[in-house]
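Welcome, and please take a moment to look over the sequence and the 3D structure shown here.

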Amino acid sequence: MKKILKYMSFHAAKKNNIISNTCFSQEELNNAKNIILELQRKTALQIENGYGPFLAAIYDDKNNLIASMPNTVVNDCNCLHHAEINTINAAQKELNSYDLSKFNLSIYITAEPCIMCAGAIMWSGIKKVFYGVSSKDVEEITGFDEGYKPEWMQQFKKRNILVCGNIEEEIGKNVLRNYVKSGKTIYKPERLA
């Protein structure tokens with residue numbers, strides 16, 4: 001019988017900083033860790049090819065990769081082209097459906113979804129979200145405004161979308177730090193003071 005990890009909803013676990021709005025099996029958490037680590041490795045390579053510092057992948061419940069795309073905001077001159085949005089678009093094309101709920105999909109992301117991507121995930125029908133670096137850390141490292149997401153994990157749970165975050169976050173934070181050190185563009189709109 002699978003051991004169930006009992007994380008207190010929306011609180012950090014004692015042995016690591018993983019947060020969740022539900023319980024996940026050790027097997028599912030290990031799988032998420034492996035995927036997030038691979039995405040962080042690929043993100044570093046994508047950065048060398050001129051892409052933004054985020055990557056997402058969508059898998060089905062049999063662990064088959066459906067789609068994976070990087071952040072292409074700067075390359076495409078389009079502020080909507082975050083990794084999650086690009087990946088959801090690719091999955092919808094691959095599965096020929098705007099409603100992904102019938103496919104029982106999970107999205108794995110190198111960082112917590114911003115306000116726009118959280119909305120897109122909710123409307124797409126994706127069932128589970130696994131992410132690496134928290135929005136707080138993304139903002140501290142890059143200066144990018146992740147947006148206002150009050151109680152987003154609780155709101156996802158109300159909609160039966162399960163979330164697990166801060167997975168292998170130190171590796172992800174290092175990828176972001178290296179992106180900033182490289183002098184590559186950190187896109188953000190100018191604001192009036």
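## Surface and overall form

Accessible areas come from the Shrake-Rupley method with a 1.4 Å probe, and for residues only the protein chains shown count as cover. On that basis the protein chain exposes about 10,500 Å², with carbon and sulfur atoms supplying 52% of it. Of its 193 residues, 48% count as buried, meaning under 20% relative accessible area, while over 50% is exposed and anything in between is partly exposed.

The C-alpha trace spans about 50 × 40 × 35 Å along its principal axes. The radius of gyration, taken over C-alpha atoms, can be set against a globule rule of 2.2 Å times the number of residues to the power 0.38. For 193 residues a compact globule would have a value near 16 Å, and the protein chain agrees, with 16 Å.

Residues are numbered from 1 along each chain as its sequence is written, and side-chain values use heavy atoms, leaving out hydrogens and water.

The predictor's confidence in each residue is its pLDDT, from 0 to 100. The chain has a mean of 90, and 91% of its residues reach 70 or more. Over residues 1-15, however, pLDDT stays under 50. Where pLDDT is low, the predicted coordinates should not be read in detail.

## A strand with two partners

The chain has seven helices and eight strands; these are DSSP runs numbered from the N terminus, with helices (H or I) of at least four residues and strands (E) of at least two. Five of the five residues of β4 are buried, so this strand is largely enclosed by the rest of the structure. Leu 55, Ala 57 and Tyr 59 lie on one side, with Ala 56 and Ile 58 on the other.

Strands pair if DSSP finds at least two bridges between them. β4 pairs with β5 in the antiparallel sense over five bridges, and Ala 57 stands opposite Ser 68 in β5. β4 also pairs with β6, again antiparallel, over four bridges; here Ala 56 stands opposite Ile 109.

## The nonpolar cores

A nonpolar core is a set of buried Ala, Val, Leu, Ile, Met, Phe, Trp, Tyr and Cys residues joined through side-chain atoms within 4.5 Å. The largest has 35 residues, and Ile 58 and Phe 156 are among those with the most contacts inside it. A second, separate core of 14 residues includes Phe 24 and Cys 164.

Conventions. Predicted model: local features only at pLDDT ≥ 70, side-chain atom pairs only at ≥ 80, totals over all residues. Buried < 20%, exposed > 50% of the residue type's maximum accessible area, 1.4 Å probe, protein only. Contact = heavy atoms within 4.5 Å.
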